[in-house]
Amino acid sequence: MPDKHGSYGALLFDRRWKDKRSSILIRDNNKCVICGFAEGLQVHHRQYLYVTALKKFKSPWDYSDKTLITLCNSCHQRGHSKFKVPIIYI
Ligand SMILES: [Zn+2]
Ligand SMILES: [Zn+2]
């Protein structure tokens, strides 16, 4: 079992993530896709891809748009407490 995120937190300040994140927010009309709330939005990964050959997770921005969705803080927290994000080994 790989270490869940390692330095994921720091990666979220990366320019490439900021760009990816804003493109997802625009696609989702700057609203939570579950409840429509428009504040405190976060972009959620519906799955994590672990690259077996490199023994590490893909960078957060290195995902196709369809694996990313815009959620408000409360839907995001609720989602994470109910469901475990699947890890796909590639
Ligand atoms: Zn919401
Ligand atoms: Zn999430």
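Guide: Y48, Y50, F57 and Y89 make up a single aromatic cluster. This is a predicted model, in which local features need pLDDT of at least 70 and side-chain atom pairs count only at pLDDT 80 or more, while totals for chains, interfaces and linings use all residues. Residues are numbered from 1 along each chain as its sequence is written, chains are lettered from A and ligands numbered from 1 in the order in which they are written, and side-chain values use heavy atoms, with hydrogens and water left out.

Three aromatic pairs are present in the structure. The pair Y50 and F57 is edge-to-face, because the ring centres are 5.1 Å apart and the planes stand at 80°. (Rings of Phe, Tyr and Trp, the last by its six-membered ring, pair if their centres lie within 6.5 Å; planes under 30 degrees apart count as stacked, over 60 as edge-to-face and the rest as tilted.) Both Y50 and F57 are buried, a term for residues under 20% relative accessible area, with exposed meaning over 50% and partly exposed in between (1.4 Å probe, protein chains only).

Y48, a member of the cluster, leads on to the largest nonpolar core: among its 19 residues, Y48, C32, V43 and L68 touch the most other members. Such a core is a set of buried Ala, Val, Leu, Ile, Met, Phe, Trp, Tyr and Cys residues joined through side-chain atoms within 4.5 Å. At least two residues of this core come from each of α2, β2 (48-51) and β4; helices (H or I, at least four residues) and strands (E, at least two) are DSSP runs, numbered from the N terminus. Beyond its neighbours within four places in sequence, L68 has contacts that include W17, I24, V43, H44 and Y63, contact meaning heavy atoms within 4.5 Å.

Donors are N, O and S atoms within 2.8 Å of the metal (3.2 Å for Na, K and Ca); water is not among the atoms, so sites may look incomplete. (Four donors count as tetrahedral if all angles lie between 85 and 135 degrees; four count as square planar and six as octahedral if opposite donors are over 155 degrees apart and all others between 65 and 115; anything else is irregular.) C32, in the loop between α2 (15-27) and β1 (42-45), and C72, in the loop between β4 (68-71) and α3 (73-82), are 40 residues apart, and the pair links distant parts of the chain. C32 is buried at 4% relative accessibility, and C72 is buried at 2%.

H44, a contact of L68, belongs to another site: the zinc ion (ligand 2) is coordinated at 2.0 Å by H44 (ND1), H76 (NE2) and H80 (NE2). Since H44 lies in strand β1 and H76 in helix α3, the pair ties together parts that are 32 residues apart in sequence. H44 is buried, with a relative accessible area of 12%, and H76 is buried at 13%.
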